[in-house]
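Here is a briefing on one protein model. Look at the structure first, then read the points by topic.

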Amino acid sequence: FEDPGNTTADLHLDNAVATPAEQLGYNMGVTQDYDGQTRSSITPVDIGADAGNFTPMLMTYVSGTAFQNNITPVPNGTNHEVISIRIITSGYLNPLAVTNFSLNTSGTTLAADIANAKVYYTGHTNAFATTTQFGSTYAAPNGAFIITGSQQLLTDTNYFWVTYDVLTTAISGNLIDAICATVLIGVDRVLTVQNPAGTRQISPIRVTSTLGITQPTLYPKLK
């Protein structure tokens, strides 16, 4: 293919322009490149006809944003999604890693309603799951708190989820909420949206919102 940064209509890459060809190919036994140069003497895993020591597309941080979720928590419930955090990157080489989330229970009526706070990671998947927990569980969060761990980021959108475990003694009608001020990815990154609009209200019945209609979750009838 022709490098978009190269105005010459040939198969050479422009070393002045970062390219995804650098170091991201697979050695299939082709020993020479377009110019007859020995690929193994330069970078044998480049993509395309032209091998060389080009400018790689290093991963960079693009943005981070917090979003509100739509699950109503119930007393004595675990892993209630409070907010999601979407971190966007570009580039492939030397992947970045997030190592902490600076959070706050601001917007919560009574912090004593919360037993634990956790952060989960679902990669490119925008559906919540508890398969991969980031860092450790933070007990009894009240105000500002930090959850520390390490998660290598993927290119494009990465999904993280802040959850609370709600105590049996939690008061129905009280609100729970969270803010994510910054994430540490090499340096502190200030989120574009730190405190998304909305809160979660504790209810004795778990409900979900679909097209504006509130419906109770149905449980099997006991025999």
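T157 is in contact (heavy atoms within 4.5 Å) with R86, I87, I88, G123 and H124, leaving aside its neighbours within four places in sequence. This is a predicted model: local features need pLDDT of at least 70, side-chain atom pairs count only at pLDDT 80 or more, and totals for chains, interfaces and linings use all residues. Residues are numbered from 1 along each chain as its sequence is written, and side-chain values use heavy atoms, with hydrogens and water left out.

**Strand β7: T157 and D156**
- T157 sits in strand β7, residues 156-166. Strands are DSSP runs of E, at least two residues, numbered from the N terminus.
- T157 is buried, at 17% relative accessible area. Buried means under 20%, exposed over 50%, and partly exposed in between (1.4 Å probe, protein chains only).
- D156 also belongs to strand β7. D156 is partly exposed, with a relative accessible area of 44%.

**Positive phi**
- Most residues other than glycine have a negative phi.
- D156 is not a glycine, yet has a positive phi of about 90°.
- N79 is not a glycine either, and its phi is positive at about 55°. N79 lies in strand β2 and is buried, with a relative accessible area of 15%.

**Salt bridge**
- The count comes to one salt bridge (a side-chain nitrogen of Lys or Arg within 4 Å of a carboxyl oxygen of Asp or Glu).
- K118 pairs with D165 in a salt bridge, with the closest N and O atoms 3.1 Å apart.
- K118 lies in strand β4 (residues 114-121) and D165 in strand β7, so the pair ties together parts that are 47 residues apart in sequence.
- K118 and D165 are both buried.

**Nonpolar core**
- A nonpolar core is a set of buried Ala, Val, Leu, Ile, Met, Phe, Trp, Tyr and Cys residues joined through side-chain atoms within 4.5 Å.
- The largest such core has 31 residues, of which I85, I87, F101, L103 and F160 touch the most other members.
- At least two residues of this core come from each of β1 (60-68), β2 (77-90), β3 (97-104), β4, β6 (144-152), β7 and β9 (179-185).
- Beyond its neighbours within four places in sequence, I85 has contacts that include T65, A66, F101, L103, F160 and L191.

**Confidence**
- Mean pLDDT (the predictor's confidence in each residue, from 0 to 100) is 82 for the protein chain, and 67% of its residues reach 70 or more.
- Over residues 209-223, pLDDT stays under 50, and the model has twelve contacts for them beyond four places in sequence.
- Where pLDDT is low, the predicted coordinates should not be read in detail.

Terms used
Helices (H or I, at least four residues) and strands (E, at least two) are DSSP runs, numbered from the N terminus.
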